[in-house]
Amino acid sequence: MLSCVNPDQISGLAWLGCYLSTAKHMAFYQSFLIVLLLIAAVAPLAILLGLLSASASRARFFLIRLPGTLYIAMVRGIPDIVFFLFVPLALDQGIEYLRHRSLCSDQTGSVWQGNDFVVCDIAKMPLSSASQWVHDFYGFALAVVAFALVFGAFAGNVIAGAMAAVPKAQLETAEAYGMTRRQVYWRIMFRQMWIYALPGLSNLWMILIKATPLLFLLGIQDIVYWARELGGAKTSAFTYPHPDWRIWYFLGLLVFYLMMTWVSERGFTYLNKQFSRGQSMAINPQKEGA
Amino acid sequence: MKKIILATIFAGVLAGPALAETVRMGTEGAYPPYNFINDKNEVDGFERELGDELCRRANLDCVWVVNDWDSIIPNLVSGNYDTIIAGMSITAERDEVIDFTHEYYPPSPSMYVALSGNNVDVNTAVVAAQTGTIQAGHVASSGATLVEFASPDETIAAVRNGEADAVFADGDYLMPIVEESGNELAVIGEIGIGGGVGMGLRESDGALKAKMNTAIDSMKADGSLNTLIKKWFGDGAQTF
Amino acid sequence: MSASCLASFQDYGLRAIGYGQRILPKSDITLCDQFALIGSGLIWNVFFGVLAVCLGYWFAMALAVGKASERGIYRRFSSGFIFLFRGSPLFIQFFFAYELFVLLPKVGVTLDLWIAVIDLETRWLTRAWLGALLVLICNTTAYSAEIFYGALRASPRGEIEAANAYGMTPWQMFWKVQWPNMMRLAWPSYTNEAIFLFHATTLVFFSGFPAWRQSGDALYYANYFADKTFNPFVPYPIIAFYFIVLTLLIILIFGLVNRRLNRHLPDARRSRLMIRPNLIR
């Protein structure tokens with residue numbers, strides 16, 4: 001069996017084997033799971049936000065329509081990276097500010113003291129004494145919210161389009177049967193629109209996969225962070241010194257993403273076939289560029 | 001702005017009562033021998049040992065947090081951690097924004113390093129430096145062309161692959177790299193800029209600053225600080 | 001107040017391309033400073049966006065035709081290229097390309113044109129203005145090629161048969177029949193693609209490419225201000241504002257082209273530009 005106790009005495013493949021199994025590399029492999037976890041957490045949240053904003057943008061009341069339309073338009077007009085940089089920070093400060101105002105209402109000074117943003121100890125979110133995993137989880141949750149906000153707007157667009165694509169004939173038939181507006185919405189529109197939404201939502205899934213490297217900018221130790229950290233040249237202060245290997249790590253990341261794309265494409269082709277059974281559709285499920 | 005980076009370890013050799021105050025120590029983790037993340041995925045280096053010892057003397061429960069250099073001051077200010085212990089030189093510009101403890105490492109020179117055999121005029125050449133360091137500021141004010149990188153090892157990589165003619169960084173960081181490069185790199189200049197290295201704290205955190213200062217002074221008084229410096233920076237390093 | 005505002009624009013209005021005050025503002029940062037410097041960074045974004053869209057257009061057309069070709073080798077190359085650049089994130093493409101370019105041997109080639117002698121150097125590839133531009137061109141080529149390919153396949157068959165009946169050569173048929181139809185059908189999706197390319201240009205200075213002499217794009221400066229003033233609530237809305245204006249401008253210009261492309265159709269059948277978020281990188 002491989003013994004990695006004295007790395008300076010082994011070389012070649014054995015050294016590589018030991019190198020690739022250090023605790024740091026384990027953290028690197030784990031970060032792939034974090035990426036998958038992010039996608040799994042954002043997708044349903046984004047669809048939920050999309051449903052809300054799409055319904056809102058089609059509402060009859062102007063006051064409901066306005067925020068829905070504005071939300072979708074804002075995210076279209078502004079680069080997503082700006083949201084990813086701004087939202088977690090704004091949310092973090094906002095939450096701590098609200099907690100400060102409610103929990104330490106006796107302290108009336110401003111939270112912005114000079115350059116510092118200071119809230120009382122019990123208002124800190126998460127608390128200083130909380131264990132590391134709580135901090136990690138909180139940072140991750142903020143990232144999920146930022147992603148969901150951006151992708152919710154995209155999903156809103158897709159779903160609004162899908163709602164508009166449900167054949168009017170089906171809706172009119174439902175009305176002719178005497179269904180109320182609410183019944184028409186839930187029984188017909190809501191169930192039928194998914195088939196039309198699938199091409200757009202599959203696009204969204206692909207986009208989400210490709211947006212995950214931006215997690216690195218949010219300060220989360222994701223795969224890009226580890227690729228840069230592990231790839232940089234290391235002196236003998238480290239147990240496994242090596243020259244600059246960043247290009248190999250990034251090649252690995254490239255292959256990972258290409259594989260994810262390939263698998264997802266296969267999955268969606270399958271789903272498309274399943275969903276289009278029994279549908280006499282004018283639209284071609286293979287249409288690109290939704 | 002970036003949020004706290006997750007993970008690392010835990011330090012806090014706690015000898016005091018169980019209800020000791022938790023202090024989060026922020027460091028960069030990419031600047032050996034001051035601080036780096038070793039292959040066991042733990043914060044390691046001169047500042048790790050120093051920080052643990054200071055916390056022990058001040059009766060604090062310390063937790064180590066790693067954060068990118070770019071956002072290390074903004075995140076201290078927003079309260080993501082309580083100290084910056086990351087090889088940060090005490091400068092007047094930084095002092096306007098945060099407070100510093102007494103220095104725990106004396107001022108040491110910064111060096112220019114280039115590929116051996118290259119004739120480089122450091123006042124007009126292309127010089128790489130890490131964003132937001134005093135060295136970057138120095139290069140920006142001289143006549144040289146500054147290329148900034150987010151992390152220190154990218155600056156060395158830039159010299160190695162010819163992107164930059166020279167790199168300007170702390171001598172203590174560069175020397176081990178030059179020595180191990182097998183004559184590929186050579187020191188071509190040395191300038192002393194910036195003060196000693198101190199721990200950064202929020203300006204509103206006077207109590208913690210006092211505790212840390214007491215601990216630092218006690219380490220200077222009994223010589224343990226000098227021993228630690230010699231251990232990590234070699235016998236030739238400057239001591240108190 | 002306005003005098004210092006003018007001074008800000010004079011000092012930093014062109015800072016992103018190297019003109020103006022050398023040292024970036026460190027203290028006493030005014031609102032005008034931020035507008036000026038972030039605005040100057042926009043020059044890079046526009047540079048990248050315009051060049052990538054203009055050059056990528058032609059490559060995308062070639063790839064789309066290649067993908068629809070009968071020859072297996074053209075089809076496979078086009079599909080492979082499109083898969084590579086559509087299937088991986090732009091962010092990773094930037095990192096990987098930068099690491100690849102720095103490994104290239106540093107050689108120079110001297111081009112002797114009659115009117116000038118140009119020195120081309122491989123070291124330019126590691127600079128953002130060339131290296132990142134190449135990656136952006138490849139990326140937009142792949143996405144646009146996919147759009148054009150879909151439009152090419154959806155071209156009305158009747159028109160192609162009519163062109164054949166008239167005895168047009170394949171070259172004539174392409175330029176006179178297929179290409180205009182392709183453009184008309186693809187234009188709405190292509191508009192989306194162009195918008196997202198402009199948005200994606202903000203990623204350049206956050207990935208491997210370093211900023212020389214502290215000259216970066218709009219987001220680079222927005223980030224600089226957010227770090228220096230500890231207040232993200234000013235620079236990020238400023239850059240958001242700039243990008244909304246830029247996006248509206250693109251929609252306007254592309255909308256004009258869309259009208260021209262559809263000028264022969266009766267009003268009811270014209271395809272309106274529906275700006276839908278389509279693809280991010």
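Two residues count as being in contact here if their C-beta atoms, placed from the backbone, lie within 7 Å. Keep that in mind for the first close-up of this predicted model.

**Close-up 1. Chain A meets chain C.** Chain A puts 36 residues into this contact, and chain C puts in 34 residues. On the chain A side, the elements giving two or more residues are helix H3 (62-77), helix H4 (80-103), helix H5 (132-165), helix H7 (181-211) and helix H9 (246-275). H9(A) gives the most, with 10 residues. Sort the chain A side by residue type and you get 24 nonpolar, six polar and six charged.

**Close-up 2. An open sheet with strands from chains B and C.** Six strands sit in the order S12(B)-S8(B)-S11(B)-S9(B)-S10(B)-S3(C), and their pairing is mixed. Which strands are at the edges? They are S12 (185-191) of chain B and S3 (211-212) of chain C, each pairing on one side only. If you're new to sheets: strands pair through backbone hydrogen bonds, either parallel or antiparallel.

Close-up 3. Look for B:Val126, which stands opposite B:Thr145 in S10(B).

**Close-up 4. Helices lying across the strands.** Helix H4 of chain B (residues 134-141) lies across S8 (110-115), S9, S10 and S11 (166-170) of chain B, and runs at about 150° to S9(B). Helix H5 of chain B (residues 152-160) also lies across S8, S9, S10 and S11 of chain B, running at about 150° to S11(B).

Definitions and conventions:
Residues numbered from 1 in each chain as written. Chains lettered and ligands numbered in written order. Predicted model: local features only at pLDDT ≥ 70, side-chain atom pairs only at ≥ 80, totals over all residues. Pairing = 2+ DSSP bridges. Helix = DSSP H or I, 4+ residues; strand = E, 2+ residues; numbered from the N terminus. Axes fitted to C-alpha atoms, helices over the stretch in contact; angles between N-to-C directions. Nonpolar A, V, L, I, M, F, W, Y, C, P; charged D, E, K, R; others polar.
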